Amino acid sequence: MSKLLIVGTVAFDAIETPFGKTDKILGGAATYISLSASKFGVNSGIVSVVGGDFPKSHLNMLEKNGIDISGIEIIKNGKTFFWSGKYHNDLNVRDTLITELNVLADFNPIVPQAFVDAEFLMLGNLHPAVQMGVIKQMPKRPKLVVLDTMNFWMNNTLPELMEVIKKVDVITINDEEARQLSGEYSLVKAAHKIHTMGPKYVVIKKGEHGALLFNNGNVFFAPALPLEEVFDPTGAGDTFAGGFIGYLTKTEDLSFGNMKNAIIYGSNLASFCVEKFGTTKMETLSQSEIQQRLTQFKNLTQFDIELQ
Ligand code: AMP
């Protein structure tokens with residue numbers, strides 16, 4: 001079975017949405033990615049860092065979900081990465097209120113020996129120098145490298161980010177970030193321009209409006225499932241990415257057709273993530289719930305027009 005290495009933040013988040021507010025709860029890109037990928041039963045491990053203030057119970061929960069946590073360094077006298085965000089009534093729009101890098105500021109990632117030969121690498125949202133540090137520790141290039149990033153790193157560390165972008169197969173970013181990175185308003189033009197920076201596959205996430213996959217002139221679109229209740233969109237992008245790469249790690253098929261399925265799996269899992277605050281829903285999500293919603297997804301997008 002292929003192995004999946006996940007790099008990203010393991011964090012505390014404080015979130016405000018029109019429906020409520022949380023104090024510091026478990027968050028972080030690697031947390032959401034790994035919980036989502038764990039639904040495929042793949043052999044996955046995280047590389048990240050937390051402070052001495054990070055509860056052991058959170059680490060136990062990840063382990064209980066079959067995720068290898070030996071690559072999560074604990075800096076006893078340090079503080080865990082902290083992010084705080086506030087959503088508008090339009091849940092696609094959020095303001096970042098606080099980003100405290102804390103232990104992430106001087107993080108030197110060490111890939112556990114058991115994962116240096118992982119065939120699949122997910123570079124979750126985190127400092128591009130850390131992402132590059134991990135790529136460099138893998139003696140053989142993984143079969144697939146997927147990168148997720150955000151405007152924070154484009155604004156603060158663009159030259160380092162561009163070096164990472166050159167080295168990856170797939171980039172997943174949201175629509176506004178794709179526009180910022182490419183300088184193009186049209187998402188089709190933006191995807192073309194991002195192809196020239198390195199990635200053969202460009203996934204553009206449009207929140208509740210679904211996701212687009214571009215590859216060499218091929219385009220695929222998956223809607224987001226229309227949900228009755230959306231409580232907290234935090235982590236939806238990471239959950240999407242975790243589902244995407246989790247499915248590819250399990251199936252080991254990198255054809256465009258299979259990538260389309262991966263997009264659907266990612267969208268399906270993201271639809272659960274947003275139903276409760278933080279990681280609550282993803283921690284308890286069952287296989288039967290996942291399968292049931294996949295049927296809904298199929299019915300939502302299937303039609304039978306006879307072509308002349
Ligand atoms: P998403 O909603 O998918 O964009 O991901 C939200 C998660 O990303 C939260 O749990 C945060 O802890 C984490 N996050 C927020 N800002 C950053 C950042 N600058 N670098 C890495 N992770 C971040």
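Colleague: How many nonpolar, polar and charged residues are in the lining of the second largest pocket?

Modeller: Seven nonpolar, five polar and two charged. Ala, Val, Leu, Ile, Met, Phe, Trp, Tyr, Cys and Pro count as nonpolar, Asp, Glu, Lys and Arg as charged, and the others, Gly among them, as polar. This is a predicted model: local features need pLDDT of at least 70, side-chain atom pairs need 80 or more, and totals for chains, interfaces and linings use all residues. Residues are numbered from 1 along each chain as its sequence is written, and side-chain values use heavy atoms, without hydrogens and water.

Colleague: Which residues lie nearest the centre of that second largest pocket?

Modeller: N261, I264, F297, K298 and T301, out of 14 lining residues. A pocket here is an open set of points on a 1 Å grid over the protein atoms alone, where a 1.4 Å probe fits, with protein on both sides within 12 Å along at least five of seven lines; lining residues have an atom within 4 Å of a point.

Colleague: Which elements each supply at least two residues of its lining?

Modeller: β14 (218–222), α9 (256–273) and α11 (287–301). These are DSSP runs: helices are H or I, at least four residues, and strands are E, at least two, numbered from the N terminus.

Colleague: Switching topic. At what angle do α8 and α9 pack?

Modeller: About 140 degrees, with their axes 7 Å apart. Axes are lines fitted to C-alpha atoms, for helices over the stretch in contact, and angles run from 0 to 180 degrees between N-to-C directions.
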